[in-house]
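Please examine the sequence and the structure shown below. The paragraphs that follow lead through it by topic.

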Amino acid sequence: MHKYTKIGIIVLVIGLGLFVSYFAVSFQLFTSHLVSNHVTIPPLGKYSIQYPAGRLVTIIYNSSSPLDVINVPSNAYTSSTPQGEAIGFYSTSAGNITFVNPHPSYVTLYYQMTSFPTSELALLGILVIIGIAALIAGIVLIVIGIIKGRKR
């Protein structure tokens with residue numbers, strides 16, 4: 001076995017390790033920054049969800065009847081998902097989003113909020129980039145080693 005092949009296998013294993021660690025770290029980060037809850041809002045009542053500053057925030061919510069949503073940051077992106085409505089934004093300062101029940105009956109609100117610090121998202125990006133680069137470099141080194149090994 002040519003030395004490039006041996007080095008390529010080592011680099012490929014390192015790349016696979018980094019790529020697998022990306023999934024493990026992202027799962028751990030996601031679960032540690034996830035808040036999931038359901039509340040019952042009284043008729044004409046309000047419920048607020050607080051979010052921290054300096055984070056990428058996503059709120060997915062669903063309710064038994066439509067609710068009015070106030071205090072949504074101006075940089076927020078809203079969308080409908082199969083799980084319900086979604087609000088995503090980068091929070092420059094701490095605040096809260098308020099759900100208002102305009103109905104004369106009780107409404108149940110189900111929500112999930114994730115708030116990732118950008119430094120942790122950068123770590124995930126670095127793991128992916130270095131992992132993919134190591135995978136590609138490992139494959140290239142293995143191919144070069146195989147080609148050079150045949151020339152001997």
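Not counting residues up to four places away in sequence, Y61 touches V69, Q83, G84, E85, I87, F99, L109, Y110 and Y111, where contact means heavy atoms within 4.5 Å. The model is a predicted one, in which local features need pLDDT of at least 70 and side-chain atom pairs count only at pLDDT 80 or more, while totals for chains, interfaces and linings use all residues. Residues are numbered from 1 along each chain as its sequence is written, and side-chain values use heavy atoms, with hydrogens and water left out.

Y61 is also, together with I59, I97, F99 and L109, among the residues with the most contacts inside the largest nonpolar core, which has 16 residues. Such a core is a set of buried Ala, Val, Leu, Ile, Met, Phe, Trp, Tyr and Cys residues joined through side-chain atoms within 4.5 Å. Two or more residues of this core are given by each of β1, β2 (46-51), β3, β6, β7 and β8, and the largest share, 4 residues, comes from β8. Helices (H or I, at least four residues) and strands (E, at least two) are DSSP runs, numbered from the N terminus.

The sheet may be considered next. Its 5 strands form an open sheet in the order β1-β8-β3-β6-β5, with antiparallel pairing; two strands pair if DSSP finds at least two bridges between them. The edge strands, β1 (34-41) and β5 (77-81), each pair on one side only. From one strand to the next, the twist averages 20 degrees. Between β5 and β6 (residues 84-91), which run antiparallel, there are 5 bridges; S79 has A86 in β6 as its bridge partner.

Helix α2 (residues 118-151) lies across β3 (55-63), β6 and β8, and runs at about 65 degrees to β8. Axes are lines fitted to C-alpha atoms, for helices over the stretch in contact, and angles run from 0 to 180 degrees between N-to-C directions. Within helix α2 lies K148, which touches H2 and Y4, not counting residues up to four places away in sequence. K148 and T5 are 143 residues apart in sequence, yet 9.2 Å apart in space, C-alpha to C-alpha.

Is K148 buried, partly exposed or exposed? Its relative accessible area is 39%, so K148 is partly exposed; buried means under 20%, exposed over 50%, and partly exposed in between (1.4 Å probe, protein chains only). N101, by contrast, counts as buried because its relative accessibility is 0%. N101 is found in the loop between β7 (95-100) and β8 (107-117), and its side chain reaches the backbone oxygen of I41 at 3.2 Å.

Conventions
A polar contact is a pair of N or O atoms within 3.5 Å; within protein, one must be able to donate a hydrogen and the other to accept it, and residues adjacent in sequence count only if both atoms are side-chain atoms.
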